[in-house]
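Welcome! Please take a moment with the sequence and the model below, and then we can walk through them together.

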Amino acid sequence: TARADDISGVIAATRTITRDSQLVGNVTCTVSGAACIVLGAPGITLDLGGFTITGQGDAGTGCGGGQTAGEAGILIAGPRGVVVRGPGIIQRFRGHGVQISGGSTRVLVTQVTASTNCLSGIFITGATANDVEDSVSVRNGNNTNPCGGI
């Protein structure tokens, strides 16, 4: 399958992918108040390739002064049958590490480590028949909103 994006480096504006894509290096996300990477089409895969996606949150708390509404490492809002495949780390987002919402179905998140995000490591809401397997969520949440893990 042709890859739409080989992703690495700094992401300064939300990157929406619509075909299979992969990380080819670590990513630093400087997007504020919005998702870093959006999976925007059904049936696609984002392969993390053993790399890390890092947001702007504080290394100790993930927040950096508090949570930031709408800010997530990876957002899946509506598509059916998408896959986020690790190994890989999603860390230090001032919102959720991975957010699955908006009626998404049959999403698979596998071999992902979500660490030190201000809200949940992997957050699923308003979505059905999704799977999270072989994934780890550690040091997520904050004192005001201790939603934490998955």
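## A threonine and its surroundings

Let's begin with threonine 116. Setting aside neighbours within four places in sequence, threonine 116 is in contact with Asp58, Ala59, Gly60, Thr61, Gly62, Gln91, Arg92, Phe93, Val138, Arg139 and Asn140. Please keep in mind, here and throughout, that this is a predicted model.

Where does threonine 116 lie? Its place is the loop between E10 and strand E11 (122–124). Is threonine 116 buried or exposed? Its relative accessible area is 4%, and buried means under 20%, so threonine 116 is buried.

## The disulfide

The structure holds one disulfide. Cysteine 63 and cysteine 118 form it, with their sulfur atoms 2.0 Å apart. The link of cysteine 63 and cysteine 118 is right-handed, with 90 degrees about the S-S bond. This pair ties together distant parts of the chain, 55 residues apart: cysteine 63 sits in the loop between strand E6 (52–54) and E7, while cysteine 118 sits in the loop between E10 and E11.

Cysteine 63 is buried at a relative accessible area of 7%, and cysteine 118 is buried at 0%. Two further cysteines are worth a look: cysteine 29 counts as buried at 2% relative accessibility, and cysteine 36 is buried with a relative accessible area of 0%.

## The open sheet

Next, find the open sheet of five strands, whose order is E2-E4-E7-E9-E11 with parallel pairing. Which strands stand at the edges? They are strand E2 (15–17) and E11; each has a single partner strand, so one side of each is left without a neighbour in the sheet. From one strand to the next, the twist averages 15 degrees.

Inside this sheet, E7 and E9 run parallel and are joined by five bridges.

## The nonpolar core

Finally, turn to the largest nonpolar core, which has 29 residues. Leu39, Leu48, Ile53 and Ile74 are those with the most contacts inside this core. Strands that each supply at least two of its residues include strand E1 (5–11), strand E3 (21–29), strand E4 (37–39) and strand E7 (72–77). Strand E8 (83–91), strand E9 (96–101) and strand E10 (108–115) each supply at least two as well.

What does isoleucine 53 touch? Leaving out neighbours within four places in sequence, isoleucine 53 is in contact with Leu23, Val27, Cys36, Ile37, Leu48, Ile74, Ile89, Ile90, Gln91 and Phe93.

Conventions
Residues numbered from 1 in each chain as written. Predicted model: local features only at pLDDT ≥ 70, side-chain atom pairs only at ≥ 80, totals over all residues. Heavy atoms only, no water. Core = buried A, V, L, I, M, F, W, Y, C linked by side-chain atoms within 4.5 Å. Buried < 20%, exposed > 50% of the residue type's maximum accessible area, 1.4 Å probe, protein only. Helix = DSSP H or I, 4+ residues; strand = E, 2+ residues; numbered from the N terminus. Contact = heavy atoms within 4.5 Å. Pairing = 2+ DSSP bridges. Axes fitted to C-alpha atoms, helices over the stretch in contact; angles between N-to-C directions. Disulfide = S-S within 2.5 Å.
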